[in-house]
Amino acid sequence: MSRRPVLAGAGDEYLALLRASLWGGVVVDAPTDAAAVLQLADSQKTVPLIGDALCRSGFYPNGKMGRTLSSIMATTVVNQNLLDKEIAAIASRLGANGITVVLLKGQGLAHY
């Protein structure tokens, strides 16, 4: 199975967007090749983070790219909410039976 090479420039732009999303920075310029950046984000499963930074940079993709980005971001929000509810339900059931819950990794831990 061959891997596609990281496109020149897109990798640097991807990393700048990822840093801006994770640490709250603002990206001044929109990427020169948004499709390549989103392809990298998809391969790294960071589309919601990159989408957030794109929007904060003033870049709002349209057409198919915009619909895909919106769909992925909306699905991520729904999934995170479902995960939060499931974690709370499991923790409640375990706690009711005297079992202490300790989250060690993942999105659930980030919220708590």
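Before moving on, some ground rules. This is a predicted model, in which local features need pLDDT of at least 70, side-chain atom pairs count only at pLDDT 80 or more, and totals for chains, interfaces and linings use all residues. Residues are numbered from 1 along each chain as its sequence is written, and side-chain values use heavy atoms, with hydrogens and water left out.

**Stop 1: around F59**

Stay on F59, which sits in the loop between α3 and α4. At 21% relative accessibility, F59 counts as partly exposed; buried means under 20% relative accessible area, exposed over 50%, and partly exposed in between, with a 1.4 Å probe and protein chains only. F59 and D29 are 30 residues apart in sequence, while their C-alpha atoms are 8.4 Å apart in space.

**Stop 2: the whole chain**

Zoom out and show the cartoon. The chain has five helices and zero strands; helices (H or I, at least four residues) and strands (E, at least two) are DSSP runs, numbered from the N terminus. Of the 112 residues in the chain, 26% are buried. Among contacts between residues at least 6 apart in sequence, 61% join residues at least 24 apart.

Next, colour by pLDDT, the predictor's confidence in each residue, from 0 to 100. The chain averages 81, and 84% of the residues score at least 70. Where pLDDT is low, the predicted coordinates should not be read in detail.

**Stop 3: α1 against α3**

Select residues 10-23 for α1 and 47-56 for α3. The two helices pack at an angle of about 90 degrees, with their axes 8 Å apart. Axes are lines fitted to C-alpha atoms, for helices over the stretch in contact, and angles run from 0 to 180 degrees between N-to-C directions. The angle makes α1 roughly perpendicular to α3, a label for angles of 65 to 115 degrees. On the α1 side the contact is made by Y14, L17, L18, A20, S21 and L22, and on the α3 side by L49, I50, D52, A53, L54 and R56.

**Stop 4: α2 and its cover**

Show the side chains of A34, A36, V37, L38, L40 and A41, which are buried in α2. Among the elements covering the buried residues of α2 are α1, α3 and α4.

How do α2 and α3 pack, and at what angle? Their axes are 8 Å apart and the angle is about 145 degrees. Here V37, L38, A41 and D42 of α2 meet V47, I50 and L54 of α3.

**Stop 5: the core**

Select Y14, L17, V37, I50 and L54. Of the 15 residues in the largest nonpolar core, these touch the most other members; such a core is a set of buried Ala, Val, Leu, Ile, Met, Phe, Trp, Tyr and Cys residues joined through side-chain atoms within 4.5 Å. Helices α1, α2 and α3 each supply at least two residues of this core. Centre on I50: beyond four places in sequence, I50 touches Y14, L17, L18, V37, L38 and A41.

**Stop 6: K45**

Finish at K45, in the loop between α2 and α3. K45 has a phi near 60 degrees, a positive value in a residue other than glycine. At 66% relative accessibility, K45 counts as exposed.

Definitions and conventions:
Angles under 35 degrees count as roughly parallel, over 145 as roughly antiparallel, 65 to 115 as roughly perpendicular and the rest as oblique. Contact means heavy atoms within 4.5 Å.
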